[in-house]
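Hi,

Here is the structure I promised to pass on. Have a look at it first, and my notes on what turned up follow below.

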Amino acid sequence: MSALHHEPVLLREVLHHLAPQNGEAMLDGTFGGGGYTDAILRAADCTVWAIDRDPAAIERGAALAARYPNRLQLLQGNFGEMVGLLADRGVAALDGIVLDLGVSSFQIDDSQRGFSFRSDGPLDMRMAVSGTTAADLVNTLSESDLADTLYQLGEERLSRRIAKAIVTARKDTPITTTLQLAEIIRRVVPGDRSGIDPATRSFQALRIRVNDELGEIVRGLEAAVQLLAPGGRLVVVSFHSLEDRLVKRFMQDAAGRTPGPSRHDPAGLVDRRAAKFTLLTNRAERPRSEETQANPRARSGRLRALARLPVPLLQEMEIAP
Ligand SMILES: C[S@@+](CC[C@H](N)C(=O)[O-])C[C@H]1O[C@@H](n2cnc3c(N)ncnc32)[C@H](O)[C@@H]1O
């Protein structure tokens with residue numbers, strides 16, 4: 001069964017930093033349920049290029065594209081390939097780019113996509129519906145590779161114990177469904193007072209590996225800064241510390257804010273003067289409490305934003321703290 005809705009996270013803040021203006025060209029690299037795209041199209045008479053690797057998201061977007069003739073173009077593909085996807089359509093520069101990382105409610109709530117440990121479905125987890133599935137990984141990776149994946153991508157402290165249980169279980173019968181895997185994990189990981197399901201971290205790790213999500217973030221950020229026109233804005237919303245760490249480092253580097261190599265230059269001021277970008281957010285912005293009350297999924301959302309210099313004077317005045 002599909003969810004009927006994806007509630008956009010940090011939408012007000014995204015629009016504030018993206019600040020779409022009439023006549024501009026924007027990119028929504030993670031179209032999903034189209035929540036950001038719709039809001040951008042309403043905010044200004046601009047055009048939006050919208051990418052999603054999930055064919056179901058692109059299909060769903062047709063109705064929105066019909067409401068905005070000539071203003072919304074939907075492209076199926078990875079945002080890490082945005083430069084090529086747009087070059088094929090003759091676009092080489094953009095005024096704003098937004099990435100809302102991770103999976104949509106449509107994907108999580110559809111048990112047939114295999115992202116959720118709450119309802120049974122095939123152990124799939126492929127956003128693009130092609131390539132290696134989570135079941136392929138769980139049934140073929142060596143015990144140590146599995147353990148490393150759970151540790152590095154899920155920050156799961158009991159990774160070795162879980163990997164051992166998986167390898168033992170799959171000797172009897174292949175692990176093909178989400179609940180089968182969740183139960184193997186729950187048997188060896190004790191629940192704690194947080195109420196977080198013991199399978200949460202392992203499912204996150206497998207999902208990140210199946211979709212090469214960290215590789216995509218690096219490729220996407222590099223591509224985004226290539227495409228930004230002077231004054232162009234990049235806004236990224238992430239949902240866990242592995243993602244946010246990559247975004248934070250990348251943006252700080254681009255803005256010349258990397259801590260200096262020596263104690264004589266602790267703020268990296270030498271780099272900063274040569275930087276072509278400026279941070280629009282000094283630290284990650286978090287959702288307001290009204291938002292997290294209305295949408296618990298927003299709780300872990302973190303927004304960071306950056307602009308290519310020179311930022312027009314008017315905008316600089318608006319973003320000054
Ligand atoms: C959190 S949802 C976006 C929700 C959207 N902002 C909205 O308001 O409806 C993330 C979407 O990005 C897509 N996605 C994730 N990684 C991607 C990538 N590397 N390239 C293209 N699409 C990606 C997913 O398929 C999913 O539909």
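A backbone N or O atom of Gly33 sits 2.9 Å from an oxygen atom of the ligand, which counts as a polar contact (a pair of N or O atoms within 3.5 Å; within protein, one must be able to donate a hydrogen and the other to accept it, and residues adjacent in sequence count only if both atoms are side-chain atoms). Tyr36 also reaches a ligand oxygen atom through a backbone N or O atom, at 3.2 Å. Glu216 uses its side chain instead: one of its N or O atoms is 2.8 Å from a nitrogen atom of the ligand. On its own the ligand would expose 610 Å², and the protein buries 99% of that (accessible areas by the Shrake-Rupley method with a 1.4 Å probe; for residues, only the protein chains shown count as cover).

Before you go further: this is a predicted model, where local features need pLDDT of at least 70 and side-chain atom pairs count only at pLDDT 80 or more, while totals for chains, interfaces and linings use all residues. Residues are numbered from 1 along each chain as its sequence is written, and side-chain values use heavy atoms, with hydrogens and water left out.

Around the ligand there are 25 residues, and Asp52, Phe79, Asp100, Gln107 and Glu216 are the closest (near means a heavy atom within 4 Å). That shell splits into seven nonpolar, twelve polar and six charged residues (Ala, Val, Leu, Ile, Met, Phe, Trp, Tyr, Cys and Pro are nonpolar, Asp, Glu, Lys and Arg charged, and the others, Gly among them, polar).

So where does the ligand sit? The space it takes is the largest cavity (more than half of its atoms lie within 2 Å of the grid points). For cavities and pockets, a 1 Å grid is laid over the protein atoms alone: in a cavity a 1.4 Å probe fits but cannot get out, a pocket is an open set with protein on both sides within 12 Å along at least five of seven lines, and lining residues have an atom within 4 Å of a point. The largest cavity has a volume of about 360 Å³ (grid points joined across faces, edges and corners, volume being the space filled by probe spheres set on the points). Its lining has 28 residues, with Thr30, Asp52, Asp100, Leu101 and Gly102 nearest the centre. Helix H2 (35–43), strand E2 (47–52) and helix H11 (213–227) each give two or more residues to that lining (helices, H or I, of at least four residues and strands, E, of at least two are DSSP runs, numbered from the N terminus). H11 has the largest share, three residues.

The largest pocket comes to about 1200 Å³. It is lined by 30 residues, and Ile108, Phe117, Arg118, Thr200 and Ser300 are closest to its centre. H10 gives the most to this lining, with five residues.

Two backbone details to finish. Leu309 and Pro310 are joined by a cis peptide bond, omega about -5°, and Pro310 is in the loop between strand E7 (302–308) and helix H15 (313–319). Asn70 has a positive phi of about 65°.

Cheers
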